[in-house]
Amino acid sequence: MSPHTAPEVLWYVIPREGAYPWEPEGRRPVDLGYLQHLAASVERLGFSGALLATDLHDVWPLGSALATATGPGFRPLLAVHPGLISPTLLAKMALTFDHLFGGRLRFNVVNGSTRALQEYGLHVGHDERYALSAEYWSIVKRLTAGEVFDHKGRFYELKDAGASLRDLRPVQSPHVPLWFGGSSAAGIEMAAEHVDVYLTWGEPPHLLKEKLDHVRARAAAYGRTLRIGLRLHVIVRDTEQEAWAAADRLLDVTSEATYARQLGERVGEDGVGWQRQFRQHGGRVPARARELETHPNLWPGMSLFRPGPGTALVGAAEQIVERLREYQALGVDTFILSGNPLLEEAYRVAETVLPALGAPR
């Protein structure tokens, strides 16, 4: 993608949010009216939708509530773990959502971790998770495309699947889009064969280029091409010094207990994406945020205190845009951005970063 082509830019919505929501005192009370206001603001500011991530609250009622409060410009990206419910039931939920809300649904495929999924009764190892995911989503794609079929695979055996959904005709073509991020060989193979948008966490560009080249090669082996999306936090201020000071404050307000919990919970983590992220800081909590800068304005320090993607761009607006253009030059055409608190930072990013990227307002 040309660095001068306008990318698609999504924001992020999660009920437990605030200035530093990993600490109780930095968290807003969960409030549906506020979340609907946030979603409506995201749409009005020119973002194309938002990622609704896995957390304490389920994404389906949240997605429905936000879709009710927004228009066609807000397309929710719902994070869903494969295998927790029947693929036929998931397809029914997806088709219902699209009928009610005008074909706005997108799925963010989340494979989770072996340990976390055991709570739900799903006992599958790392590579087996991806084999399950590939079969699961291939079924969901066919069902949300309106097919009726029999299926007998490694994990699922379905008879006349889709027959009860005949009157729920698909709104989107060819199916509800699948977005997915995975850095392991098994994850990349699954993405290459099945998904529409390959998502990755922020890394120094030279490392990301190696991964994306490999992803594209594997997709080409299946005769496919993928869109590329990048998930990043943003700390943008009037000056670079102010931005790094804001990052310093996040380190200062985070408790020792949170650092210990976040890093302790990741011991033995089998996700390759987390391992790549961890190598950027080695679990070291610095005195000042910039000690962990791995590339100009690139800071992996947020993964010290929050789960999931924890890399931020830190700097003045022109620096943030320069870094995003750098990623565009690697073929990234979609960004999922966030900042804390979500509402205030959505306005800040929309006013300072989106216009320079050419995103609509």
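This is a predicted model: local features need pLDDT of at least 70, side-chain atom pairs count only at pLDDT 80 or more; totals for chains, interfaces and linings use all residues.
Most residues other than glycine have a negative phi, and most peptide bonds are trans.

Asn297, which is found in the loop between α10 (272-278) and β10 (298-299), is another residue other than glycine with a positive phi, here near 70 degrees. Its relative accessible area is 2%, and Asn297 is therefore counted as buried.

## Cis peptide bonds

The peptide bond that joins Ser173 and Pro174 is cis, with omega about 0 degrees, and Pro174 has its place in the loop between β6 (157-161) and β7 (178-180). A cis peptide bond also joins Asn340 and Pro341, where omega is about -5 degrees; Pro341 lies in the loop between β12 (334-338) and α12.

## Helix α1 and its buried face

Helix α1 covers residues 32-45, and its 14 residues reach 20 Å from the first C-alpha to the last, which is close to the 20 Å expected at 1.5 Å a residue. Tyr34, Leu35, Leu38, Ala39, Ser41, Val42 and Leu45 are buried in α1. Viewed down the axis of α1, these buried residues fall within an arc of 160 degrees, so they line one face of the helix. An α-helix has 3.6 residues a turn, so residues three or four places apart point the same way. The partners against which the buried residues of α1 pack are β1 (8-13), β2 (49-52), α2 (59-68), α12 (342-352) and α13 (354-357).

At the N-terminal end, α1 is capped by Asp31, with a side-chain oxygen of Asp31 lying 3.2 Å from the backbone nitrogen of Gly33. At the other end, α1 is followed by Gly46, whose phi is positive and near 110 degrees.

Two packed helices are described by the angle between their axes and the distance between the axes. For α1 and α12 the angle is about 5 degrees and the axes are 10 Å apart, and these two helices are therefore roughly parallel to each other. On the α1 side the contact is made by Tyr34, His37, Leu38, Ser41, Arg44 and Leu45, and on the α12 side by Leu342, Leu343, Ala346, Tyr347 and Ala350. Among these α1 residues, Tyr34, Leu38, Ser41 and Leu45 are buried.

The packing of α2 with helix α3 (residues 87-101) has an angle of about 10 degrees, with the axes 11 Å apart, which makes α2 roughly parallel to α3. In this pair, Trp60, Gly63, Ser64, Ala67 and Thr68 of α2 meet Leu90, Met93, Ala94, Phe97 and Phe101 of α3.

## Leu90 in α3

Leu90 has its place in helix α3 and counts as buried, because its relative accessibility is 0%. If residues up to four places away in sequence are not counted, Leu90 touches Trp60, Val80, Ile85, Phe107, Tyr136, Trp137 and Val140; Trp60 is one of the α2 residues that meet α3. From C-alpha to C-alpha, Leu90 and Asp248 are 42 Å apart in space, and they are 158 residues apart in sequence.

Gln262 lies in helix α9, which covers residues 256-265, and with a relative accessibility of 5% it counts as buried. A polar atom of the Gln262 side chain lies 3.2 Å from the backbone oxygen of Ser303, and a polar atom of that side chain also lies 2.9 Å from the backbone oxygen of Arg306.

## Helix α11

Helix α11 (residues 317-329) has 13 residues and reaches 18 Å between its first C-alpha and its last, close to the 18 Å expected at 1.5 Å a residue. Its buried residues are Ala317, Gln319, Ile320, Val321, Arg323, Leu324, Arg325, Tyr327 and Gln328. Just after α11, Gly331 takes a positive phi of about 105 degrees.

Definitions and conventions
Residues are numbered from 1 along each chain as its sequence is written. Side-chain values use heavy atoms; hydrogens and water are left out. Helices (H or I, at least four residues) and strands (E, at least two) are DSSP runs, numbered from the N terminus. The expected span of a helix is 1.5 Å times one less than its number of residues. Buried means under 20% relative accessible area, exposed over 50%, partly exposed in between (1.4 Å probe, protein chains only). The arc is that of the directions from the helix axis to the C-beta atoms. Contact means heavy atoms within 4.5 Å. A polar contact is a pair of N or O atoms within 3.5 Å; within protein, one must be able to donate a hydrogen and the other to accept it, and residues adjacent in sequence count only if both atoms are side-chain atoms. Axes are lines fitted to C-alpha atoms, for helices over the stretch in contact, and angles run from 0 to 180 degrees between N-to-C directions. Angles under 35 degrees count as roughly parallel, over 145 as roughly antiparallel, 65 to 115 as roughly perpendicular and the rest as oblique.
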